[in-house]
Amino acid sequence: MTPERVLQEYARIAFADLRRFADWGPEGLVLKTPESLRAEDAAAISEITTAGAKSGGYRLKLYDKKAALDAIARHLGMFAPTTRGPSDDPAIDVAEDPREVLARRLARLAAGSAEE
């Protein structure tokens with residue numbers, strides 16, 4: 001799996017919106033049919049279980065949105081660096097556009113995988 005694909009999967013989880021999975025109103029919460037879900041939305045679903053024998057409904061669980069947002073933020077350098085050891089990245093200028101940082105890192109990753 002490429003680094004771009006990993007970021008894409010994190011984004012699917014991080015930006016999932018319950019309104020794309022279910023409708024709700026006076027009758028309660030009604031899940032949308034699998035056919036009506038986009039692939040991006042389906043990728044954010046962790047599990048679907050029955051809500052109980054009497055209710056006849058289902059329970060929808062999504063992957064952890066905060067964990068995905070944190071992973072993206074760490075990748076973009078939005079958190080203070082941890083003291084794990086020397087890094088091959090130069091210090092990130094907080095005024096620098098995070099997209100440029102991401103593009104530079106992805107280019108370095110792509111160059112490294114091309115050498116293998």
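At 32% relative accessibility, V6 counts as partly exposed, a class that lies between buried (under 20% relative accessible area) and exposed (over 50%), as judged with a 1.4 Å probe and the protein chains only. The model is a predicted one, in which local features need pLDDT of at least 70 and side-chain atom pairs count only at pLDDT 80 or more, while totals for chains, interfaces and linings use all residues. Residues are numbered from 1 along each chain as its sequence is written, and side-chain values use heavy atoms, with hydrogens and water left out.

The protein contains 4 helices and 4 strands, where helices (H or I, at least four residues) and strands (E, at least two) are DSSP runs numbered from the N terminus. Along the sequence these elements follow the pattern α-β-β-α-β-β-α-α. Of the 116 residues in the protein, buried residues make up 18%.

Together with M1 and Y10, V6 makes a nonpolar surface patch of about 310 Å². Such patches are made of residues with over 30% relative accessible area and no salt bridge, with like charges joined within 9 Å and nonpolar side chains (Val, Leu, Ile, Met, Phe, Trp, Tyr) within 5 Å; the accessible areas come from the Shrake-Rupley method with a 1.4 Å probe, and for residues only the protein chains shown count as cover. M1 lies in the segment before helix 1 (3–14) and is exposed, with a relative accessible area of 77%.

Side chains of opposite charge can pair when their charged atoms come close. With a salt bridge taken as a side-chain nitrogen of Lys or Arg within 4 Å of a carboxyl oxygen of Asp or Glu, the count for the protein comes to 9 salt bridges. One of these joins the side chains of R5 and E9, with an N to O distance of 3.1 Å; both residues lie in helix 1, 4 residues apart, which is about one turn of the helix. R5 is partly exposed, at 33% relative accessibility. E9 also has its C-alpha atom 8.3 Å from that of A44, a residue 35 positions away along the chain. A44 is placed in the loop between helix 2 and strand 3 (45–50), where A44 counts as buried, at 1% relative accessibility.

A further salt bridge is formed by the side chains of D41 and R20, at 2.7 Å from N to O. This pair links distant parts of the chain, since D41 is in helix 2 (residues 39–42) and R20 is in the loop between helix 1 and strand 1 (22–25), 21 residues apart. Through salt bridges that share partners, R20, R38, E40 and D41 are joined into one network.

In the loop between strand 2 and helix 2 lies P34, which is exposed, with a relative accessible area of 65%. The C-alpha atoms of P34 and F21 are 9.0 Å apart in space, and the two residues are 13 apart in sequence.

The second largest pocket holds about 150 Å³ of space. On a 1 Å grid over the protein atoms alone, a pocket is an open set of points where a 1.4 Å probe fits, with protein on both sides within 12 Å along at least five of seven lines, and lining residues have an atom within 4 Å of a point. Grid points are joined across faces, edges and corners, and the volume is the space filled by probe spheres set on the points. The pocket is lined by L29, V30, L31, K32, G57 and Y58, and strand 2 (residues 28–31) gives the most to this lining, with 3 residues. The lining divides into 4 nonpolar residues, 1 polar and 1 charged, where Ala, Val, Leu, Ile, Met, Phe, Trp, Tyr, Cys and Pro count as nonpolar, Asp, Glu, Lys and Arg as charged, and the others, Gly among them, as polar.
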